[in-house]
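Please consult the sequence and the structure shown here alongside the text.

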Amino acid sequence: MIFRAVGDGRPYPEHGLVSSRDWSDIPPQQVKLDQLVTTKSTLDLETLLSEDSTFYGDLFSHVVRYEGVLYLEDGVHRALRSALHHRSVIHARILDLDAN
C-alpha cells in the first residue's frame with residue numbers, strides 16, 4: 001500500500017491556512033508516503049498526469065498532523081506521482097495541530 005490509509009474528508013478542526021502564501025511560512029521537510037492518510041478518496045487523472053500541475057500552486061504538499069496522524073490535505077497527485085517513480089518520500093509542509 002502506498003499510503004497508511006485512504007480517507008475521505010478532514011477529521012481535524014479548521015486551521016485557517018487556505019492559500020499557498022499561508023502555508024509558505026512552514027519549512028518543507030521529508031515525510032514517508034506510508035505515514036500519510038489522504039483526505040481525498042478520488043483523484044483526477046488529468047491532474048496526476050499534467051506536467052505543469054504545480055505551476056500555479058505550492059511546490060510542496062500540505063500535511064496536517066492531528067492526534068498523531070499525518071493527513072495529506074493537498075498534494076495527493078504529487079505523492080502518487082512520487083510513488084509511481086518508486087520514491088517512498090515527498091517533501092511537504094507539515095502543520096502540527098498537536099503542538100497547539
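The structure is a predicted model, in which local features need pLDDT of at least 70, side-chain atom pairs count only at pLDDT 80 or more, and totals for chains, interfaces and linings use all residues. Residues are numbered from 1 along each chain as its sequence is written, and side-chain values use heavy atoms, with hydrogens and water left out. The protein chain contains 3 helices and 6 strands, where helices (H or I, at least four residues) and strands (E, at least two) are DSSP runs numbered from the N terminus.

**Overall fold**

- Along the sequence, the elements of the protein chain follow the pattern β-α-β-β-α-β-β-α-β.
- Of the 100 residues in the protein chain, 39% are buried; buried means under 20% relative accessible area, exposed over 50%, and partly exposed in between, with a 1.4 Å probe and protein chains only.
- Among contacts (heavy atoms within 4.5 Å) between residues at least 6 apart in sequence, 84% join residues at least 24 apart.

**The sheet**

- The 6 strands form an open sheet of mixed pairing, in the order S1-S3-S5-S4-S6-S2; two strands pair if DSSP finds at least two bridges between them.
- Strand S1 (5–6) and strand S2 (28–32) are the edge strands, each pairing on one side only.
- Strand S4 (residues 61–66) and strand S6 (residues 89–96) run parallel and are joined by 5 bridges.
- Val-63 has Ile-94 as its bridge partner in S6.

**Helix H3**

- Helix H3 (residues 76–84) lies across strand S3 (36–38), S4, strand S5 (69–74) and S6.
- Helix H3 runs at about 110° to S5; axes are lines fitted to C-alpha atoms, for helices over the stretch in contact, and angles run from 0 to 180 degrees between N-to-C directions.
- The buried residues of H3 are Val-76, His-77, Arg-78, Ala-79, Ser-82 and Ala-83.

**Glu-73, a buried acidic residue**

- Glu-73 belongs to strand S5 and is buried without a salt bridge, a salt bridge being a side-chain nitrogen of Lys or Arg within 4 Å of a carboxyl oxygen of Asp or Glu.
- The nearest side chain of opposite charge to Glu-73 is Arg-10, 4.1 Å away; Lys and Arg count as positive and Asp and Glu as negative, while His and the chain ends are not counted.
- The side chains of Glu-73 and His-15 form a polar contact of 2.8 Å; such a contact is a pair of N or O atoms within 3.5 Å, where within protein one must be able to donate a hydrogen and the other to accept it, and residues adjacent in sequence count only if both atoms are side-chain atoms.
- Not counting residues up to four places away in sequence, Glu-73 touches several residues, among them Tyr-12, Leu-17, Trp-23 and Val-63.

**Loop residues**

- Most residues other than glycine have a negative phi.
- Glu-67, in the loop between S4 and S5, has a positive phi near 50°.
- Glu-67 counts as exposed because its relative accessibility is 61%.
- His-86 lies in the loop between H3 and S6, just after H3, and takes a positive phi of about 65°.
- His-86 has 75% relative accessibility and therefore counts as exposed.
- Gln-35, in the loop between S2 and S3, is partly exposed, with a relative accessible area of 35%.
- Leaving aside neighbours within four places in sequence, Gln-35 is in contact with Arg-4 and Leu-70.
- The C-alpha atoms of Gln-35 and Val-69 are separated by 7.9 Å, although these residues are 34 residues apart along the chain.
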